[in-house]
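Try each task before you read its solution.

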Amino acid sequence: MTVLYRILCLFIGYICGLLETGVIYGKLKGVDIRNYGSKNLGTTNALRVLGPRAGIVVLIGDFCKSFIPCIIARLIFKDAFPDTYLIYVLYTGFGAVLGHIFPFYLHFKGGKGVATIGGMIVGLLSGWMILILLILFVSTVAISKYLSLGSICLMVEFAVIYVIFAFYGLLCFDKSDPESFRVMLESFVIVFLFAGLSVYRHKENIKRLLNNEENRFSFHKSEDIKIDEK
């Protein structure tokens, strides 16, 4: 039965992840952001193509499509599985990320999943983890001026901090219980899949960073991107 729950969480998360906020907002403005800038569906490209308001809307939309289902999964499973419920939150979040990155109706070409993973991280409701990751992310972007670098570092830091928190008993798992310990190890696999998938989706950014060609972060719409008027 628990395997079925995992599959359902993954499936429901995937369906939620299919809500591509960037595409929807762009279409409302008469623009397909897949044709401009980096051609990505996420927050950064929406900001560069359509401006700050678009960036904020897309950020919130992509965040909520994993945060909300993760919170619901938490509410459903916490009482029934007090020592393992976070695994269902992770499967729900992972499904949402897969839906965002690989939407079937867009030929499996979606965004990079940072905001969606962020929604899942906050959905874990671990206050110290959220605070530490937020400080590290903001510090990295503020110092480097590269949002992509901050995003890549965030994913790696999340995986490492999650493992540390789990081993030190700061999450729901009980290491003295064999089943809970096994599920904790399973959750590590999911978390590192999160990190690995996100870093892989940033492979072009990594190349540009290494070649010193990456665009620096700005809150303003890029003047270099010209949108065709219809």
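**Exercise 1. A pair in helix 10**

Why are Glu-204 and Lys-207 separated by about one helical turn?

Solution. Keep in mind that you are working with a predicted model.

Step 1: Locate both residues. Glu-204 and Lys-207 sit three residues apart in helix 10 (residues 203–210), so about one helical turn separates them.

Step 2: Check the charged atoms. The two side chains, Glu-204 and Lys-207, form a salt bridge with an N to O distance of 3.7 Å, which falls within the 4 Å cut-off.

Step 3: Look at accessibility. Glu-204 has a relative accessibility of 39% and so counts as partly exposed. Lys-207, with a relative accessible area of 47%, is partly exposed.

**Exercise 2. Glu-20 and its surroundings**

Find Glu-20 and decide: is Glu-20 buried or exposed? Which residues does it touch?

Solution. 

Step 1: Glu-20 belongs to the loop between helix 1 (2–17) and helix 2 (21–28).

Step 2: Apply the cut-off. Buried means under 20% relative accessible area, and Glu-20 has 1%, so Glu-20 is buried.

Step 3: List the contacts. Leaving aside residues up to four places away in sequence, Glu-20 touches Leu-41, Lys-65, Gly-99, His-100, Pro-103, Tyr-105, Leu-106 and Gly-110.

Step 4: Find the charged partner among them. Glu-20 makes a salt bridge with Lys-65, and their closest N and O atoms are 3.7 Å apart. This pair links distant parts of the chain, with Glu-20 in the loop between helix 1 and helix 2 and Lys-65 in helix 4, 45 residues apart.

Step 5: Check the partner. Lys-65 has 5% relative accessibility, so Lys-65 counts as buried too.

Step 6: By the 4 Å rule the count comes to eight salt bridges, and one of them joins Arg-34 and Asp-32 at 2.8 Å, N to O. Here Arg-34 is partly exposed, with a relative accessible area of 27%, whereas Asp-32 is buried, at 16%.

**Exercise 3. Helix 2 and what follows**

Which residues of helix 2 are buried, and which helices do they pack against?

Solution. 

Step 1: Pick out the buried positions. In helix 2 they are Thr-21, Gly-22, Val-23, Tyr-25 and Gly-26.

Step 2: Follow their packing. The buried residues of helix 2 pack against helix 3 (43–50) and helix 4 (52–77).

Step 3: Look at the backbone just after helix 2. There Gly-30 has a positive phi of about 75°.

**Exercise 4. Aromatic pairs**

How are the rings of Phe-63 and Phe-67 arranged: stacked or edge-to-face?

Solution. 

Step 1: A pair of aromatic rings is described by the distance of the centres and the angle of the planes.

Step 2: Get the overall count. A search of the whole structure gives 12 aromatic pairs. In one of them, Phe-63 and Phe-67 are stacked, at 5.5 Å centre to centre with 25° between the planes.

Step 3: Phe-63 is partly exposed at 25% relative accessibility, and Phe-67 is partly exposed at 23%.

Step 4: Phe-104 and Tyr-105 are edge-to-face, 5.8 Å centre to centre and 80° between the planes. Tyr-105 is partly exposed, with a relative accessible area of 41%.

Step 5: Look for linked pairs and a charge over a ring. Ring pairs connect Tyr-5, Phe-77, Phe-81 and Tyr-88 in a cluster. Lys-203 lies over the face of Tyr-200, 4.3 Å from the ring centre.

**Exercise 5. A nonpolar surface patch**

Which helix gives the most to the nonpolar patch?

Solution. 

Step 1: Collect the members. Val-156, Val-160, Ile-164, Phe-167, Tyr-168, Leu-170, Phe-181 and Leu-185 make a nonpolar surface patch of about 750 Å².

Step 2: Assign helices. Helix 8 (147–167) and helix 9 (178–201) each supply at least two residues of the patch, and helix 8 gives the most, with four.

Step 3: Examine a loop member. Leu-170 lies in the loop between helix 8 and helix 9. Its relative accessible area is 53%, so Leu-170 is exposed.

Notes. Residues are numbered from 1 along each chain as its sequence is written. This is a predicted model: local features need pLDDT of at least 70, side-chain atom pairs count only at pLDDT 80 or more; totals for chains, interfaces and linings use all residues. Side-chain values use heavy atoms; hydrogens and water are left out. Patches are made of residues with over 30% relative accessible area and no salt bridge: like charges are joined within 9 Å, nonpolar side chains (Val, Leu, Ile, Met, Phe, Trp, Tyr) within 5 Å. Accessible areas come from the Shrake-Rupley method with a 1.4 Å probe; for residues, only the protein chains shown count as cover. Buried means under 20% relative accessible area, exposed over 50%, partly exposed in between (1.4 Å probe, protein chains only). Contact means heavy atoms within 4.5 Å. Rings of Phe, Tyr and Trp (its six-membered ring) pair if their centres lie within 6.5 Å; planes under 30 degrees apart count as stacked, over 60 as edge-to-face and the rest as tilted. A charge sits over a ring if NZ of Lys or CZ of Arg is within 6 Å of the ring centre and within 35 degrees of the ring normal.
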